[in-house]
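Subject: Structure handover

Hello,

The structure we discussed is below.

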Amino acid sequence: MNARPNRFETNADGWDGPGGPQDLYFTRDDSWPYPRMVRADNIYLFDENGSKYIDASSGPIASNLGHNNRRIIETMKAQLDKYPFNTIRLARSDENIALAKRLAEFAGAGFERPFFVSGGSEANEAAIQFARQWAYAHGEVDRKRLFSLMPSYHGGTICTQVLSGDAAVAPIFEGMATMPERIEAPLSYRPPDGLTHEQNEDRICRQFEDRIVEVGPETCLALFMEPVGGVATGANVLSGRFLKRMREICTKYGLLMVLDEVMSGAGRSGKFLTTQHHSDDCKPDLVVLAKGIGSGYIPLGIMLAPAQMVDELSGLTGFNYGHTSNANPLACAVGLATLEELEERKLIENAASTGPYLMERMRALSDECPIIGNVRGLGLLQATEIVANKQTKETFSAEAKAPDTLRRMGLDHGLSLYARRTNNGQYGDWVMTSPPLITTRDQVDEMVARFGQLFSAFTDAMVRDGVKIS
Ligand SMILES: Cc1ncc(COP(=O)(O)O)c(C=O)c1O
């Protein structure tokens with residue numbers, strides 16, 4: 001067990017003097033104060049006291065290559081010496097051109113023209129603006145309405161916060177950006193009473209189509225969905241049949257379909273894009289990537305669009321959107337080196353084979369553990385949902401602060417975890433069990449053993465606090 005300072009003995013008011021760590025901005029939840037990490041290697045993080053943690057959620061599902069990757073580090077050093085910056089409105093760079101070509105090869109037909117930004121929120125923002133400018137340039141000026149799933153997450157800018165399906169966040173920004181239309185997400189663990197998962201999917205598709213007809217198809221712009229959810233749904237997987245039906249509806253009424261693969265993309269699902277698990281009739285118009293493509297070494301986000309659309313738009317109005325650091329050569333060099341690592345070390349294949357092994361081991365743990373309600377995901381994008389009652393799927397009360405407590409207790413058991421309550425826990429609580437794509441089976445065993453200890457200590461702590469677990 002890692003020895004950590006008792007949080008109640010730490011100066012909970014913050015920091016003596018000016019400055020301070022970024023978490024002073026955050027609420028003092030049960031996981032505060034955070035450990036101070038000083039070193040990282042492979043799938044492990046080390047803090048100032050020498051305690052070792054498994055990076056069991058790859059940070060916020062970002063460190064796909066793990067830590068201290070020599071190819072990435074040497075690439076960055078060489079790129080700094082060569083040519084670290086230009087702005088795309090004034091010059092081209094070899095790194096931009098090379099990464100765009102390799103990405104188009106990885107992504108396949110229909111995604112030939114990557115557009116590079118600095119993160120997932122910017123990439124979703126680019127997709128919103130691309131969709132709107134495409135409609136506008138074609139004279140469809142009333143097409144403004146966006147659709148997203150409830151729950152979902154698409155980013156931290158005001159537009160993408162509002163696009164995200166989180167009832168706790170929406171009231172804060174209401175009126176500052178136009179609210180999208182919300183369509184229920186088909187949550188596989190929690191279909192409404194009396195419906196199978198498939199019946200629920202069909203119901204939601206009908207709901208989507210009915211709403212388009214009701215508001216007028218000529219006002220509808222695009223649908224955003226995470227094919228495998230992140231922390232908003234706990235790795236809920238959208239099925240091929242659901243994606244196909246939503247695709248048909250989008251095509252019928254002229255909406256663009258955008259898949260947000262910020263977490264699931266770049267190989268984490270066991271294919272480079274999640275859409276490659278499905279037939280062509282599920283294909284989106286645009287795909288958004290971030291996180292794993294920069295692998296935590298550099299901020300990098302990408303919108304993938306078809307050459308036909310980009311080339312047509314550039315012949316009309318052009319796509320007018322940009323930031324100073326779009327297609328930054330240093331970021332592009334890291335993206336390219338990430339693709340080389342994925343290919344040479346067969347890391348996408350590793351996600352495809354180690355993912356099911358992790359799931360099998362976590363599901364075996366769930367047989368012994370009263371609080372594991374569900375283990376789900378695809379490849380190495382997985383989550384474990386915790387419940388107070390397995391039979392009824394009852395969630396923990398807000399007072400139990402289950403995700404924060406798990407995150408703090410995880411540190412005691414050598415696990416760095418991404419877990420936080422979303423939507424006030426209305427759809428459940430989970431912890432992301434999504435280690436880097438370099439994770440071996442032995443490391444999965446080590447991680448699952450620690451989870452076993454953590455869940456049992458967590459259950460004891462809840463019972464001590466008077467929480468009823470059954
Ligand atoms: C699905 C999804 N979309 C978008 C984002 C926003 O990405 P970023 O934090 O890089 O802006 C995230 C971040 O967690 C995400 O999980």
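The ligand is surrounded by 15 residues, and the closest are Gly119, Gly120, Ser121, Gly230 and Val262. Please keep in mind that this is a predicted model. By type, the shell around the ligand divides into eight polar, five nonpolar and two charged residues. Helix H4 (residues 120–137) supplies the largest share of that shell, with three residues.

Next, the core. The largest nonpolar core contains 131 residues, and the ones with the most contacts inside it are Ala127, Leu223, Val258, Leu286, Leu289, Ile302 and Met303. Helix H10 (residues 329–344) gives the most to this core, namely nine residues. The core lies between domain 1 (26–68 + 346–464) and domain 2 (70–344), because both domains give residues to it.

Leu289 is one of the core residues with the most contacts. Leaving out residues up to four places away in sequence, Leu289 touches Ala123, Glu261, Val262, Gly265, Ala266, Gly301, Ile302 and Leu304. Of these, Val262 is also among the residues closest to the ligand, and Ile302 is also listed among the core residues with the most contacts.

Last, the strands. S12 (residues 381–386) pairs with S14 in the antiparallel sense, over four bridges. One of the residues involved is Glu385, whose bridge partner in S14 is Trp430. Strand S14 covers residues 429–432, and its residues are all buried: Asp429 and Val431 point one way, Trp430 and Met432 the other way.

Regards

Methods. Residues numbered from 1 in each chain as written. Predicted model: local features only at pLDDT ≥ 70, side-chain atom pairs only at ≥ 80, totals over all residues. Buried ≥ 20, exposed ≤ 12 C-beta atoms within 10 Å, placed from the backbone. Helix = DSSP H or I, 4+ residues; strand = E, 2+ residues; numbered from the N terminus. Pairing = 2+ DSSP bridges. Near = placed C-beta within 6 Å. Nonpolar A, V, L, I, M, F, W, Y, C, P; charged D, E, K, R; others polar. Core = buried A, V, L, I, M, F, W, Y, C linked by C-beta atoms within 7 Å. Domains from an automatic or database assignment. Contact = placed C-beta atoms within 7 Å.
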